[in-house]
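I am opening a notebook on a structure that is new to me. My plan is to look at the whole chain, then at single contacts.

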Amino acid sequence: MSDEQGRGKLKRIADFLFEAGMLRKTPRTGYQFLGTGQENGAEHSFRTAVICYVLARMAGADPGRAALLGLFHDLHEARIGDFNYVNRMYNTSERSAALKDATAGTGLTEELLALWAELEATETPEARLAQDADQIDLILNLKEQSDLGNRYADKWMDSAVQRLRTEEGRELARVIRETDHTDWWYLGPDPSWWANKNGGRKIKG
(Lines give C-alpha, C1' and ligand atoms only; values in the text may rest on other atoms or scores of the structure.)
Protein backbone atom coordinates (compact mmCIF):
# COMPACT_ATOMS: atom_id res chain seq x y z
CA MET A 1 0.00 0.00 0.00
CA SER A 2 1.38 3.42 -0.88
CA ASP A 3 0.40 7.04 -0.53
CA GLU A 4 -0.44 7.00 -4.25
CA GLN A 5 -3.71 5.20 -3.50
CA GLY A 6 -5.26 8.43 -2.33
CA ARG A 7 -5.03 7.91 1.42
CA GLY A 8 -4.04 10.99 3.38
CA LYS A 9 -1.02 11.23 5.65
CA LEU A 10 -2.91 10.63 8.89
CA LYS A 11 -4.69 7.62 7.35
CA ARG A 12 -1.32 6.21 6.38
CA ILE A 13 0.02 6.84 9.89
CA ALA A 14 -2.99 4.95 11.27
CA ASP A 15 -2.24 2.14 8.79
CA PHE A 16 1.38 2.13 9.95
CA LEU A 17 0.44 1.88 13.61
CA PHE A 18 -1.98 -0.98 12.95
CA GLU A 19 0.83 -2.69 11.04
CA ALA A 20 3.29 -2.19 13.88
CA GLY A 21 0.79 -4.02 16.09
CA MET A 22 1.20 -7.08 13.89
CA LEU A 23 4.52 -7.71 15.63
CA ARG A 24 2.45 -8.81 18.65
CA LYS A 25 1.14 -11.62 16.45
CA THR A 26 4.45 -12.46 14.75
CA PRO A 27 6.23 -15.31 16.56
CA ARG A 28 9.99 -15.55 16.78
CA THR A 29 10.61 -18.87 15.08
CA GLY A 30 13.93 -20.05 16.48
CA TYR A 31 12.33 -21.51 19.58
CA GLN A 32 10.83 -24.35 17.57
CA PHE A 33 14.38 -25.69 17.25
CA LEU A 34 15.30 -25.04 20.88
CA GLY A 35 12.23 -26.95 22.01
CA THR A 36 11.20 -24.54 24.77
CA GLY A 37 10.40 -20.85 25.09
CA GLN A 38 8.36 -18.48 22.97
CA GLU A 39 8.32 -14.81 22.09
CA ASN A 40 6.75 -12.47 19.57
CA GLY A 41 8.34 -9.67 17.59
CA ALA A 42 6.91 -6.87 19.73
CA GLU A 43 8.22 -8.42 22.95
CA HIS A 44 11.65 -8.84 21.41
CA SER A 45 11.77 -5.30 20.01
CA PHE A 46 10.76 -3.71 23.31
CA ARG A 47 13.48 -5.33 25.40
CA THR A 48 16.04 -4.90 22.64
CA ALA A 49 15.38 -1.14 22.74
CA VAL A 50 15.82 -1.15 26.53
CA ILE A 51 19.09 -3.06 26.20
CA CYS A 52 20.24 -0.60 23.52
CA TYR A 53 19.69 2.25 25.96
CA VAL A 54 21.61 0.47 28.72
CA LEU A 55 24.54 -0.51 26.50
CA ALA A 56 24.82 2.98 25.04
CA ARG A 57 25.03 4.47 28.53
CA MET A 58 27.73 1.94 29.42
CA ALA A 59 29.69 2.83 26.28
CA GLY A 60 29.25 6.61 26.39
CA ALA A 61 27.26 6.52 23.14
CA ASP A 62 23.90 8.19 22.36
CA PRO A 63 21.25 6.23 24.33
CA GLY A 64 18.32 7.76 22.45
CA ARG A 65 19.75 6.96 19.05
CA ALA A 66 20.62 3.43 20.10
CA ALA A 67 17.15 2.87 21.55
CA LEU A 68 15.52 4.00 18.29
CA LEU A 69 17.69 1.56 16.34
CA GLY A 70 16.55 -1.24 18.62
CA LEU A 71 12.91 -0.22 18.63
CA PHE A 72 12.55 -0.33 14.85
CA HIS A 73 15.11 -3.03 14.00
CA ASP A 74 12.53 -5.75 13.23
CA LEU A 75 9.60 -3.64 12.05
CA HIS A 76 9.80 -5.21 8.59
CA GLU A 77 8.85 -8.55 10.16
CA ALA A 78 5.25 -7.33 10.41
CA ARG A 79 5.18 -8.01 6.65
CA ILE A 80 7.71 -10.77 6.05
CA GLY A 81 7.72 -12.67 9.36
CA ASP A 82 10.76 -13.84 11.33
CA PHE A 83 13.34 -15.90 9.46
CA ASN A 84 15.44 -17.99 11.83
CA TYR A 85 18.98 -19.10 10.98
CA VAL A 86 17.82 -22.29 9.26
CA ASN A 87 15.20 -20.39 7.21
CA ARG A 88 17.88 -17.96 6.03
CA MET A 89 19.90 -20.72 4.41
CA TYR A 90 17.08 -21.20 1.92
CA ASN A 91 14.92 -18.06 1.94
CA THR A 92 15.59 -14.43 1.21
CA SER A 93 13.43 -11.40 1.90
CA GLU A 94 13.24 -7.78 0.78
CA ARG A 95 13.49 -6.16 4.20
CA SER A 96 14.21 -2.64 2.96
CA ALA A 97 11.35 -2.84 0.47
CA ALA A 98 8.98 -4.02 3.19
CA LEU A 99 9.97 -1.11 5.43
CA LYS A 100 9.65 1.36 2.56
CA ASP A 101 6.15 0.13 1.71
CA ALA A 102 5.11 0.12 5.37
CA THR A 103 6.08 3.78 5.79
CA ALA A 104 4.96 5.13 2.39
CA GLY A 105 2.85 8.24 2.79
CA THR A 106 3.47 8.56 6.53
CA GLY A 107 6.29 11.09 6.43
CA LEU A 108 8.44 8.57 8.33
CA THR A 109 10.12 6.82 5.41
CA GLU A 110 13.32 8.84 5.20
CA GLU A 111 14.04 8.69 8.93
CA LEU A 112 13.22 5.01 9.43
CA LEU A 113 15.09 3.88 6.32
CA ALA A 114 18.09 5.87 7.54
CA LEU A 115 17.92 4.06 10.89
CA TRP A 116 17.73 0.73 9.08
CA ALA A 117 20.70 1.59 6.83
CA GLU A 118 22.75 2.67 9.86
CA LEU A 119 21.93 -0.54 11.71
CA GLU A 120 22.87 -2.73 8.75
CA ALA A 121 26.13 -0.86 8.07
CA THR A 122 27.25 -1.26 11.73
CA GLU A 123 29.67 1.65 11.30
CA THR A 124 28.44 3.81 14.21
CA PRO A 125 28.88 2.91 17.88
CA GLU A 126 25.11 2.98 18.32
CA ALA A 127 24.57 0.52 15.47
CA ARG A 128 27.14 -1.92 16.83
CA LEU A 129 25.58 -1.67 20.29
CA ALA A 130 22.12 -2.20 18.81
CA GLN A 131 23.32 -5.32 17.01
CA ASP A 132 24.66 -6.57 20.34
CA ALA A 133 21.40 -5.71 22.09
CA ASP A 134 19.55 -7.91 19.60
CA GLN A 135 21.77 -10.83 20.61
CA ILE A 136 21.66 -10.03 24.33
CA ASP A 137 17.87 -10.18 24.33
CA LEU A 138 18.25 -13.69 22.92
CA ILE A 139 20.92 -14.52 25.52
CA LEU A 140 18.58 -13.42 28.31
CA ASN A 141 15.86 -15.72 27.01
CA LEU A 142 18.32 -18.58 26.58
CA LYS A 143 19.63 -18.13 30.13
CA GLU A 144 16.09 -18.45 31.44
CA GLN A 145 15.56 -21.63 29.43
CA SER A 146 18.91 -22.98 30.65
CA ASP A 147 17.94 -22.28 34.26
CA LEU A 148 14.70 -24.16 33.64
CA GLY A 149 16.59 -27.22 32.45
CA ASN A 150 17.01 -26.96 28.68
CA ARG A 151 20.63 -28.07 28.23
CA TYR A 152 20.68 -27.02 24.57
CA ALA A 153 20.23 -23.38 25.56
CA ASP A 154 23.87 -23.24 26.73
CA LYS A 155 25.09 -24.26 23.27
CA TRP A 156 22.95 -21.54 21.72
CA MET A 157 24.36 -18.98 24.16
CA ASP A 158 27.90 -19.93 23.14
CA SER A 159 27.02 -19.11 19.53
CA ALA A 160 25.22 -15.88 20.42
CA VAL A 161 28.20 -14.62 22.45
CA GLN A 162 30.47 -15.15 19.44
CA ARG A 163 28.28 -12.75 17.45
CA LEU A 164 28.77 -9.85 19.89
CA ARG A 165 30.69 -6.87 18.50
CA THR A 166 31.45 -4.65 21.50
CA GLU A 167 33.29 -4.98 24.78
CA GLU A 168 30.23 -3.65 26.60
CA GLY A 169 28.08 -6.32 25.02
CA ARG A 170 30.51 -9.09 25.90
CA GLU A 171 30.82 -7.86 29.50
CA LEU A 172 27.06 -7.70 29.98
CA ALA A 173 26.58 -11.13 28.40
CA ARG A 174 29.16 -12.62 30.75
CA VAL A 175 27.33 -11.30 33.82
CA ILE A 176 23.97 -12.44 32.46
CA ARG A 177 25.30 -15.97 32.13
CA GLU A 178 26.46 -15.87 35.77
CA THR A 179 23.12 -14.57 37.08
CA ASP A 180 20.09 -16.69 37.99
CA HIS A 181 17.11 -15.34 36.09
CA THR A 182 14.99 -15.31 39.28
CA ASP A 183 17.41 -13.28 41.42
CA TRP A 184 15.77 -9.95 40.63
CA TRP A 185 12.62 -10.94 42.48
CA TYR A 186 13.65 -13.86 44.70
CA LEU A 187 16.50 -11.87 46.24
CA GLY A 188 14.67 -8.57 45.89
CA PRO A 189 14.15 -5.67 48.33
CA ASP A 190 12.60 -7.96 50.94
CA PRO A 191 14.31 -11.37 50.64
CA SER A 192 12.15 -12.75 53.48
CA TRP A 193 8.97 -12.46 51.39
CA TRP A 194 8.69 -16.25 51.18
CA ALA A 195 8.47 -16.56 54.97
CA ASN A 196 5.42 -14.30 55.23
CA LYS A 197 2.11 -16.10 55.45
CA ASN A 198 -1.38 -15.00 54.48
CA GLY A 199 -2.91 -12.11 56.34
CA GLY A 200 -1.96 -8.53 57.02
CA ARG A 201 0.68 -9.12 59.69
CA LYS A 202 4.18 -10.28 58.88
CA ILE A 203 5.96 -13.00 60.81
CA LYS A 204 8.51 -11.56 63.19
CA GLY A 205 11.88 -13.22 63.57
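**Counting elements.** Before counting, I note the rule: helices are DSSP runs of H or I with at least four residues, strands are runs of E with at least two, and numbering starts at the N terminus. By that rule I get 11 helices and zero strands in the chain. Written from the N terminus on, the order is α-α-α-α-α-α-α-α-α-α-α. I keep in mind that this is a predicted model.

**The chain as a whole.** I looked up its extent next. Along the principal axes, the C-alpha atoms fill a box of roughly 70 × 45 × 35 Å. The chain has 205 residues, and 38% of them count as buried. I also checked how far contacts reach along the sequence. Taking contacts between residues at least 6 apart, I find that 62% join residues at least 24 apart.

**Helix 1 and helix 6.** How do helix 1 and helix 6 lie to each other? Helix 1 covers residues 9–20 and helix 6 covers residues 95–103. Their axes come within 8 Å and cross at roughly 135°. An angle between 115 and 145 degrees is neither roughly perpendicular nor roughly antiparallel, so I log helix 1 and helix 6 as oblique. Helix 1 brings R12, F16 and E19 to the contact, and helix 6 brings D101, A102 and T103. By class, I note two nonpolar residues, one polar and three charged.

**L108.** I then moved to the loop between helix 6 and helix 7 (109–121), where L108 is found.

**Rings.** I searched the whole structure for aromatic pairs and found one. The partners are W185 and Y186, with ring centres 5.7 Å apart. W185 is partly exposed at 39% relative accessible area. Y186 is partly exposed as well, at 37%.

**A charge over a ring.** My last entry is on Y85. R88 lies over the face of Y85, 5.2 Å from the ring centre.

Conventions
Residues numbered from 1 in each chain as written. Predicted model: local features only at pLDDT ≥ 70, side-chain atom pairs only at ≥ 80, totals over all residues. Heavy atoms only, no water. Phe/Tyr/Trp six-rings, centres within 6.5 Å; stacked < 30°, edge-to-face > 60°. Buried < 20%, exposed > 50% of the residue type's maximum accessible area, 1.4 Å probe, protein only. Lys NZ or Arg CZ within 6 Å of the ring centre and 35° of its normal. Axes fitted to C-alpha atoms, helices over the stretch in contact; angles between N-to-C directions. Parallel < 35°, antiparallel > 145°, perpendicular 65-115°, else oblique. Contact = heavy atoms within 4.5 Å. Nonpolar A, V, L, I, M, F, W, Y, C, P; charged D, E, K, R; others polar.
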